[in-house]
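Dear colleague,

Please read the notes with the coordinates open beside them.

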Amino acid sequence: MAKKLFLILNVVCATAFSQNLELSALTVNPELSQGADSVLRNEEITLDLSDPGKLKTTISRVVTVYNKVGLGDVAAYAHYDNNSKVNDIEAVIYDMAGREKDKIKKRDFKDFSAVDGGTLYADSRVLYLDYTPTSYPFTIQFTSETTSETTAFIRPWMPISKYDSGTEFSKFTVIYPQEQKPHIKETQFEGYAIEKEELEDRMIWTAKDIAPITWEYHSPSLDKRVPRVKCFFDSFYLEGVPGIAKTWKDFGSWMYNDLVKDTQDLDEATLAEVRALVADLEDDEAKARAVYQYVQDKVRYISVQVEIGGWKPMNASDVHRLGYGDCKALSNYTQSLLKAVGIESYYTVLYGDSGKESLETDVVAIQGNHAILGVQLGDEIKFLECTSQETPFGYMGTFTDDRDVLLLTEDGGKLARTTKYEQDQNVLKLHADFKFDVNGGLEGSLSRSSKGIYYSHRMQLDRMDQKELTDHYYKTFDAINNLSVSAIELNNDRLGITYDERMKAEASNYATKVGADFLLRPNTFALTRDAIPPRYAERKSDLIILRGTIQNQEVRIQVPEGYAVDALPKDEKIEEAFGSYTTEYLLEGSELLYKRSLKFNEGQYDKAAYVTYRDFYKSIVKQDNQKVLIKKL
């Protein structure tokens, strides 16, 4: 017995001394780990800009991972390129009890290109930890140190940077020369345990015990829901090139003169060609349209992320010669052509995304991820998406519409806003004209007309073959059982910016037979229960509707001889602050006419409105699926 007790005590002691309880998944605060994919145990990020023109970044991060989704929260990687390097990088893996299992050195990290396959050339690369765990939970301790000759991009601090990830402790330090104090923008601090310390040469922020944030339907983006710190300097370096960011005017002037101006080098033969193209056109808009079409016919988009951090366009002469370029190059090329025919335009920097992300205009800095071109036509600026061979002249889809942007002019930078499509412009019309047969089937035609932002959802249809198109419509009109479509006609009106679709359609056994009668749903485009937004026990964020829209539907159904509509459902009208829904049923002889309108109003609504919003959808689904009895006479 004494011998067994001695062995047990030895094992217990050995286990205790070989494990680190601070790295054990068993010691995480349950309030931070419950329902979480991961928990950030300890994080320290230091940005050292004390050496002019240099940025040294050191990161130490400990993350406990609970499942496969949480693997992405580790963020064990480091970027480098021709003007930056990874000095050191390491990861240590610990099991659930905090015992060390593996140590991954720099040589064991995967080395990948940091851009996707659509990029022709870029010098940006990333060292990335490719680790597959054998069990969960486990903990990773990650450290890295990098240096760069670019100080233009100061990473923001978000102590919680992923959904469903808690944070025990996070520290962010920015070190700078005493004579160059940064501008600071702090957001969403209220309600969080965050402390700030300001010294002569540095600022330090710390955060503790932040519970996980869950993604919510139609909510603000994560960076607008959690604490965030952004730092900006009046001067900076972009791969060793000095830049100025005191005002938007100064900053825009620097970008134009140092990054753009000297790349507009088209030769006289090219300039003569484009001048001849518009020689017979007197109207500036007609000339601009002709030049834009010339660009769309001649060049194509390929990402080329080189030259001063991917911010300097490739030369316009190279675009003309090679026939390709990225957003910067194609916008710059188009501007060069327009300049040759006497039309003023502005190279424009912005964020491209469907969430309407604007430049943060209250702070001056390099921002944005995309370039377009603003063309001055009288008092109006029409924006051109130069990367697309399909987008109509002056059309902004959901990737670039209604957001603050920066125009680069010869006089400096100017803030502007891209085209906004109002509710009465964002219209989707659906129409069906059917004959109902005595076997319960429908036969007739379907059509759809899309304007405003809906137009951008249709442009890809031109590139589909017949099978892809039919599959698309089976999925789109899935409320029609046993649907078959044929004779598809697409009409892309690029001048009027309207997309029309027409097709023949039939559906067997659409109606439900009840004895000699039928139950038929007049709305062939009805929403299903899948359209009802998710339910939350306690909604945390406001309800966001980014764009006002109108959807109108009209369905005509011819009832066959020997049958009649027994009774019509009641018309419905629902009015809420965020939208409205109406239905109307009419009987015109032997023809049943169904009309439906659904409107959403752009805006940000209090989180309490979400319950009403979800109930609104539940009512829509119920009303959409109303049926009428078709009686045999």
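In this predicted model, helix H4, which covers residues 268-277, packs with helix H7, residues 327-340, at an angle of about 70°, and the axes of the two helices lie 9 Å apart. Because angles of 65 to 115 degrees count as roughly perpendicular, H4 is described as roughly perpendicular to H7. The crossing in which H4 passes H7 is right-handed. On the H4 side the contact is made by Thr270, Leu271, Val274 and Arg275, while H7 contributes Ser336, Leu337 and Ala340. Sorted by class, the residues of this contact between H4 and H7 comprise 4 nonpolar, 2 polar and 1 charged.

H7 also packs with helix H5, residues 284-298, here at an angle of about 140° and with the axes 10 Å apart; H5 and H7 are therefore oblique to each other. H5, too, passes H7 in a right-handed crossing. The residues of H5 that make the contact are Ala288, Val291, Tyr294, Val295 and Lys298, and they meet Tyr333, Thr334, Leu337 and Leu338 of H7. The classes represented in the contact of H5 with H7 are 7 nonpolar, 1 polar and 1 charged.

Note on methods: Residues are numbered from 1 along each chain as its sequence is written. This is a predicted model: local features need pLDDT of at least 70, side-chain atom pairs count only at pLDDT 80 or more; totals for chains, interfaces and linings use all residues. Side-chain values use heavy atoms; hydrogens and water are left out. Axes are lines fitted to C-alpha atoms, for helices over the stretch in contact, and angles run from 0 to 180 degrees between N-to-C directions. Helices (H or I, at least four residues) and strands (E, at least two) are DSSP runs, numbered from the N terminus. Angles under 35 degrees count as roughly parallel, over 145 as roughly antiparallel, 65 to 115 as roughly perpendicular and the rest as oblique. A crossing is left-handed if the near helix is turned anticlockwise from the far one by less than a right angle, and right-handed if clockwise. Contact means heavy atoms within 4.5 Å. Ala, Val, Leu, Ile, Met, Phe, Trp, Tyr, Cys and Pro count as nonpolar, Asp, Glu, Lys and Arg as charged, and the others, Gly among them, as polar.
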